[in-house]
Amino acid sequence: MAEFAIVLPLVLVVLLTSVELVAVARMQLEVTQAAREGARQAATNVDPATAVEAVRAALPSDLSARARVSVTRPHRVGAQAEVRVRLPYRFASALFGGLAVELSARAVMRVEL
(Lines give C-alpha, C1' and ligand atoms only; values in the text may rest on other atoms or scores of the structure.)
Protein backbone atom coordinates (compact mmCIF):
# COMPACT_ATOMS: atom_id res chain seq x y z
CA MET A 1 0.00 0.00 0.00
CA ALA A 2 2.85 2.40 0.76
CA GLU A 3 4.41 1.80 -2.67
CA PHE A 4 1.06 2.54 -4.33
CA ALA A 5 0.73 5.82 -2.45
CA ILE A 6 4.21 6.84 -3.58
CA VAL A 7 3.85 5.80 -7.23
CA LEU A 8 0.29 7.05 -7.85
CA PRO A 9 1.15 10.79 -7.92
CA LEU A 10 4.03 10.10 -10.30
CA VAL A 11 1.75 8.13 -12.63
CA LEU A 12 -0.81 10.96 -12.59
CA VAL A 13 1.85 13.55 -13.43
CA VAL A 14 3.08 11.45 -16.37
CA LEU A 15 -0.50 10.94 -17.58
CA LEU A 16 -1.37 14.65 -17.40
CA THR A 17 1.87 15.58 -19.16
CA SER A 18 1.13 13.08 -21.94
CA VAL A 19 -2.38 14.44 -22.44
CA GLU A 20 -1.09 18.01 -22.64
CA LEU A 21 1.61 17.08 -25.14
CA VAL A 22 -0.91 15.31 -27.35
CA ALA A 23 -3.18 18.37 -27.22
CA VAL A 24 -0.32 20.66 -28.24
CA ALA A 25 0.71 18.34 -31.07
CA ARG A 26 -2.89 18.21 -32.36
CA MET A 27 -3.15 22.01 -32.27
CA GLN A 28 0.15 22.37 -34.10
CA LEU A 29 -1.13 20.08 -36.85
CA GLU A 30 -4.31 22.17 -37.13
CA VAL A 31 -2.31 25.40 -37.37
CA THR A 32 -0.05 23.88 -40.05
CA GLN A 33 -3.03 22.68 -42.08
CA ALA A 34 -4.68 26.11 -41.81
CA ALA A 35 -1.51 27.79 -43.08
CA ARG A 36 -1.48 25.43 -46.07
CA GLU A 37 -5.10 26.25 -46.88
CA GLY A 38 -4.29 29.95 -46.71
CA ALA A 39 -1.27 29.53 -48.98
CA ARG A 40 -3.43 27.73 -51.57
CA GLN A 41 -5.82 30.66 -51.60
CA ALA A 42 -3.00 33.22 -51.68
CA ALA A 43 -1.45 31.48 -54.68
CA THR A 44 -4.65 31.68 -56.73
CA ASN A 45 -6.36 34.89 -55.51
CA VAL A 46 -5.06 38.43 -55.69
CA ASP A 47 -6.92 39.52 -52.55
CA PRO A 48 -5.06 38.48 -49.36
CA ALA A 49 -8.32 38.62 -47.41
CA THR A 50 -9.42 35.38 -49.07
CA ALA A 51 -6.31 33.67 -47.70
CA VAL A 52 -7.04 34.99 -44.21
CA GLU A 53 -10.64 33.75 -44.50
CA ALA A 54 -9.39 30.32 -45.61
CA VAL A 55 -7.08 30.11 -42.60
CA ARG A 56 -9.86 31.07 -40.19
CA ALA A 57 -12.26 28.58 -41.83
CA ALA A 58 -9.71 25.76 -41.49
CA LEU A 59 -9.26 26.37 -37.76
CA PRO A 60 -11.87 25.33 -35.18
CA SER A 61 -14.19 28.22 -34.35
CA ASP A 62 -12.85 28.68 -30.82
CA LEU A 63 -9.30 29.08 -32.14
CA SER A 64 -9.86 31.12 -35.28
CA ALA A 65 -10.57 34.34 -33.38
CA ARG A 66 -7.27 34.09 -31.48
CA ALA A 67 -5.11 33.31 -34.52
CA ARG A 68 -2.88 35.99 -36.02
CA VAL A 69 -2.54 35.59 -39.77
CA SER A 70 -0.15 37.40 -42.10
CA VAL A 71 -0.16 37.05 -45.88
CA THR A 72 2.60 38.11 -48.27
CA ARG A 73 1.65 37.81 -51.91
CA PRO A 74 3.71 39.35 -54.72
CA HIS A 75 1.81 40.18 -57.92
CA ARG A 76 4.28 38.32 -60.12
CA VAL A 77 3.46 34.84 -61.45
CA GLY A 78 5.96 32.30 -60.12
CA ALA A 79 6.84 34.32 -57.02
CA GLN A 80 6.17 32.83 -53.63
CA ALA A 81 3.03 33.61 -51.67
CA GLU A 82 3.61 33.15 -47.96
CA VAL A 83 1.10 32.68 -45.14
CA ARG A 84 2.11 32.71 -41.48
CA VAL A 85 -0.23 31.68 -38.68
CA ARG A 86 0.47 32.27 -34.99
CA LEU A 87 -1.73 30.97 -32.23
CA PRO A 88 -1.16 31.46 -28.49
CA TYR A 89 -1.83 28.33 -26.44
CA ARG A 90 -2.09 28.10 -22.67
CA PHE A 91 -1.68 24.72 -21.00
CA ALA A 92 -4.89 23.67 -19.26
CA SER A 93 -3.24 21.68 -16.51
CA ALA A 94 -2.41 23.45 -13.27
CA LEU A 95 0.65 21.22 -13.23
CA PHE A 96 2.35 23.59 -15.67
CA GLY A 97 1.19 26.71 -13.84
CA GLY A 98 -0.59 28.25 -16.81
CA LEU A 99 2.44 28.00 -19.09
CA ALA A 100 1.78 29.68 -22.44
CA VAL A 101 3.43 28.87 -25.75
CA GLU A 102 2.92 30.22 -29.24
CA LEU A 103 2.20 27.72 -31.97
CA SER A 104 3.16 28.89 -35.43
CA ALA A 105 3.21 27.63 -38.97
CA ARG A 106 4.40 28.95 -42.31
CA ALA A 107 3.31 27.79 -45.75
CA VAL A 108 4.62 28.92 -49.13
CA MET A 109 3.21 28.32 -52.61
CA ARG A 110 4.02 29.79 -56.00
CA VAL A 111 1.65 32.46 -57.32
CA GLU A 112 -0.38 31.09 -60.23
CA LEU A 113 -2.41 34.11 -61.33
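Helix α1 covers residues 2-44, 43 residues in total. From its first C-alpha to its last it reaches 65 Å, close to the 63 Å expected at 1.5 Å a residue. The model is predicted. In this model α1 carries a kink, a set of buried residues and a salt bridge between E37 and R40. The structure holds 6 salt bridges.

**Helix α1: kink and buried residues**

- A kink of about 25° lies at L8 in α1.
- The buried residues of α1 are E20, V24, M27, V31, A34, A35, G38, A39, A42 and A43.
- Those buried residues pack against two helices, α2 (48-58) and α3 (61-64).
- They also pack against the strands β1 (68-72), β2 (80-90) and β3 (100-110).

**Nonpolar surface patch**

- M1, F4, L8, L12, L15 and V19 make a nonpolar surface patch of about 650 Å².

- The side chains of E37 and R40 meet in a salt bridge, with N to O at 2.7 Å.
- The two residues are 3 apart in helix α1, so about one helical turn separates them.
- E37 is partly exposed, with a relative accessible area of 28%.
- R40 is partly exposed too, with a relative accessible area of 37%.

- R106 and E82 join their side chains in a salt bridge of 2.4 Å, N to O.
- R106 lies in strand β3 and E82 in strand β2, so this pair ties together parts that are 24 residues apart in sequence.
- E82 counts as buried because its relative accessibility is 17%, and the cut-off for buried is under 20%.
- E102 forms a salt bridge with R86. Their closest N and O atoms are 3.8 Å apart.
- E102 lies in strand β3 and R86 in strand β2, so the pair ties together parts that are 16 residues apart in sequence.
- E102 is partly exposed, with a relative accessible area of 42%.
- R86 counts as partly exposed at 30% relative accessibility.
- R86 and E102 also belong to a network of salt bridges that links them with R68.

**Exposed alanines**

- A92 sits in the loop between β2 and β3. It is exposed, with a relative accessible area of 68%.
- A92 and H75 are 17 residues apart in sequence. In space they are 43 Å apart, C-alpha to C-alpha.
- A57 sits in helix α2. At 64% relative accessibility, A57 counts as exposed.
- A57 and R73 are 16 residues apart in sequence and 19 Å apart in space, C-alpha to C-alpha.

Methods:
Residues are numbered from 1 along each chain as its sequence is written. This is a predicted model: local features need pLDDT of at least 70, side-chain atom pairs count only at pLDDT 80 or more; totals for chains, interfaces and linings use all residues. Side-chain values use heavy atoms; hydrogens and water are left out. Helices (H or I, at least four residues) and strands (E, at least two) are DSSP runs, numbered from the N terminus. The expected span of a helix is 1.5 Å times one less than its number of residues. The bend at a residue is the angle between axes fitted to the seven residues ending there and the seven starting there. Buried means under 20% relative accessible area, exposed over 50%, partly exposed in between (1.4 Å probe, protein chains only). Contact means heavy atoms within 4.5 Å. Patches are made of residues with over 30% relative accessible area and no salt bridge: like charges are joined within 9 Å, nonpolar side chains (Val, Leu, Ile, Met, Phe, Trp, Tyr) within 5 Å. Accessible areas come from the Shrake-Rupley method with a 1.4 Å probe; for residues, only the protein chains shown count as cover. A salt bridge is a side-chain nitrogen of Lys or Arg within 4 Å of a carboxyl oxygen of Asp or Glu.
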